[in-house]
Amino acid sequence: MNRDDVAGVLAEPVSQELLGSSIPARLAYAGLDGEPRVIPIGFWCEDGNLLMATVPNSAKVPALRRAPRVALTIDTQDRWPPRVLLIRGTARLTEVEGVPEGYVAASRKLVPEAEFEAWEQGVRALYERMVVITVEPHWAKLLDFENTVPKAVEDLIRERQGQD
């Protein structure tokens, strides 16, 4: 998939709804032991990339440095039909001083307003450094189960229509 195709998928209204929602991304990566890992993680978007932040000593940091290929999914919960945004890409890690503003802004989607100020003060006091994980997507697919469905389902529908 080229960058324009990926950008087109990410620009779809349903994709934008998912990217702006309070739903965490599920980040899949290979652990240092080679075994797969999937974790929920807050994120924000900049320049067509998805960004996340973590503490420098988290297990995912050395794992992503060793094997930067990742997959992400952002999907609706308790909604019918489901909406699913699938992304594959390469992670780039950058250690930064303090707490990235994008991390704080993205957390507004998750932390209740009444608790946000205390949460922000606690985070800024706790984290002297963070690692920003920037995922540059090289593939994306939106499944809204109205206009788009998984490829295997598309193939089955075509096969059945050909039998009629």
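A: Let's start inside: there is one cavity of 30 Å³ or more in the structure. Bear in mind that this is a predicted model, where local features need pLDDT of at least 70 and side-chain atom pairs count only at pLDDT 80 or more, while totals for chains, interfaces and linings use all residues. Residues are numbered from 1 along each chain as its sequence is written, and side-chain values use heavy atoms, with hydrogens and water left out.

The idea behind the search is simple: rolling a probe the size of a water molecule over the atoms shows where empty space is left. Here that's done on a 1 Å grid over the protein atoms alone: a cavity is a set of points where a 1.4 Å probe fits but cannot get out, a pocket is an open set with protein on both sides within 12 Å along at least five of seven lines, and lining residues have an atom within 4 Å of a point. Points are joined across faces, edges and corners, and a volume is the space filled by probe spheres set on them.

The largest cavity comes to about 30 Å³. Around it sit Ser21, Ser22, Ile23, Pro24, Gly42, Phe43, Ala106, Lys109 and Leu110. That lining splits into five nonpolar, three polar and one charged residue (Ala, Val, Leu, Ile, Met, Phe, Trp, Tyr, Cys and Pro count as nonpolar, Asp, Glu, Lys and Arg as charged, and the others, Gly among them, as polar).

Now for the open side. The largest pocket holds about 160 Å³ of space, and its lining is made of Arg3, Val6, Ala7, Leu10, Ala11, Gln16, Leu19, Cys45, Gly48, Asn49 and Leu50. Helix 1 (3–11), helix 2 (13–19) and strand 4 (49–54) are the elements that give two or more residues each to this lining; helices (H or I, at least four residues) and strands (E, at least two) are DSSP runs, numbered from the N terminus. Helix 1 is the top contributor, with five residues. By type, the pocket lining has seven nonpolar, three polar and one charged residue.

Asp47 isn't a glycine, yet its phi is positive, at about 50 degrees. Its relative accessibility is 71%, so Asp47 counts as exposed (buried is under 20% relative accessible area, exposed over 50%, partly exposed in between, with a 1.4 Å probe and protein chains only).
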